[in-house]
Amino acid sequence: SEQQAMEFQQMHLALEIQNIELKLQFEEISESNLRLENANTKFSELAQASPTCYFDVSRDGTISLTNRAAEKLLGMSSKNLIGVRFGIFVAEHHRQCFCNFLDQVFNTDTEHSCEIELDTTQTTIKPTTMQLTATRSTTCLQCNLFAIDITIFRQSEIKERRDRERMQFAVCAANIGLWDWDLTTNQVIFSSQWKKQIGYEEHEIGNEFWEWESRVHPDDLGLT
């Protein structure tokens, strides 16, 4: 009948409109996927070229992706690293710290950091201290882990601390009184030996310039 024909045409028109909408949605999704794929490709290229070691790591520490810097650090190819747990490269006394670090990363949405030493019993690894920084991925199945070699900085800190200790020992042994005057703040650091030489205990003299100035003979102030 004429009524049925009209209903059929309306249904056919509605289906055509729906098909057009689905086609537009499909094209939009395809374009989004292409943009995402291009972004992932660029990120992968940047990660591979980065001097910073990069890993994709699962909750149990299994490596699924590395860059060239990471391969160089651990002395293994990406092919041999994928599927291996990162924890085996961590020094035994720092493995619990690394496990706690991964737990923090996967249980929160924030960035976390920790400092570990690599296991030098692995024949390809030299003594290295690493600063690890990681964030959980959007899928929550992986985390993006960056590792920076801070060995030189830690060695410098140790050397500086030892040098200070040696200097302090030499100063104490020679009973040398030292003081250091910061002209920008007018603050002065007086050594314990200097205070003892003029008859005072450590707590009896502060870090102000007038502490020294008030103890100079008035006739000598002009010269000094």
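Buried, in this report, means under 20% relative accessible area, exposed means over 50%, and partly exposed is anything in between, computed with a 1.4 Å probe and with protein chains only. By that rule N186, at 35% relative accessibility, counts as partly exposed. The model is a predicted one, in which local features need pLDDT of at least 70 and side-chain atom pairs count only at pLDDT 80 or more, while totals for chains, interfaces and linings use all residues. Residues are numbered from 1 along each chain as its sequence is written, and side-chain values use heavy atoms, with hydrogens and water left out.

## The chain as a whole

The chain holds eight helices and seven strands, where helices (H or I, at least four residues) and strands (E, at least two) are DSSP runs numbered from the N terminus. Its radius of gyration is 33 Å, whereas a compact globule of 224 residues would have a value near 17 Å; the radius is taken over C-alpha atoms, and the globule rule is 2.2 Å times the number of residues to the power 0.38. The C-alpha trace spans about 125 × 50 × 30 Å along its principal axes. Of the 224 residues, 25% are buried. Among contacts (heavy atoms within 4.5 Å) with a separation of 6 or more, 34% are between residues 24 or more positions apart.

## Loop residues

N186 sits in the loop between β6 and β7 (187–190), and its phi is near 65°, a positive value in a residue other than glycine.

R59 lies in the loop between β1 (53–58) and β2 (63–66) and is partly exposed, because its relative accessibility is 43%. Leaving aside neighbours within four places in sequence, R59 is in contact with L102, F106, N107 and L141. A polar atom of the R59 side chain lies 3.5 Å from the backbone oxygen of F106. The C-alpha atoms of R59 and C143 are separated by 7.7 Å, although the two residues are 84 residues apart along the chain.

H94 belongs to the loop between α3 (78–81) and α4 (95–107) and, with a relative accessible area of 18%, is buried. Beyond its neighbours within four places in sequence, H94 is in contact with E115, I116 and E117, and its side chain reaches the backbone nitrogen of E117 at 2.9 Å.

## Salt bridges

A search of the whole structure finds ten salt bridges, each defined as a side-chain nitrogen of Lys or Arg within 4 Å of a carboxyl oxygen of Asp or Glu. The table lists some of them.

| D119 | R95 | 3.3 Å |

The side chains of D119 and R95 meet in a salt bridge. This pair links distant parts of the chain, with D119 in the loop between β3 (112–117) and β4 (129–136) and R95 in helix α4, 24 residues apart. D119 is buried, because its relative accessible area is 11%, whereas R95, at 32% relative accessibility, counts as partly exposed.

D163 and R166 both lie in helix α5, three residues apart, which is about one turn of the helix. D163 counts as partly exposed at 34% relative accessibility, and R166 counts as exposed at 55%.

Elsewhere, salt bridges that share partners join E115, R154 and E157 into one network.

## A nonpolar patch

M167, I176 and L178 make a nonpolar surface patch of about 270 Å². Patches are made of residues with over 30% relative accessible area and no salt bridge, like charges being joined within 9 Å and nonpolar side chains (Val, Leu, Ile, Met, Phe, Trp, Tyr) within 5 Å. I176 is placed in the loop between α5 (151–174) and β6 (179–182), and it is partly exposed, with a relative accessible area of 39%.

Notes:
Accessible areas come from the Shrake-Rupley method with a 1.4 Å probe; for residues, only the protein chains shown count as cover. A polar contact is a pair of N or O atoms within 3.5 Å; within protein, one must be able to donate a hydrogen and the other to accept it, and residues adjacent in sequence count only if both atoms are side-chain atoms.
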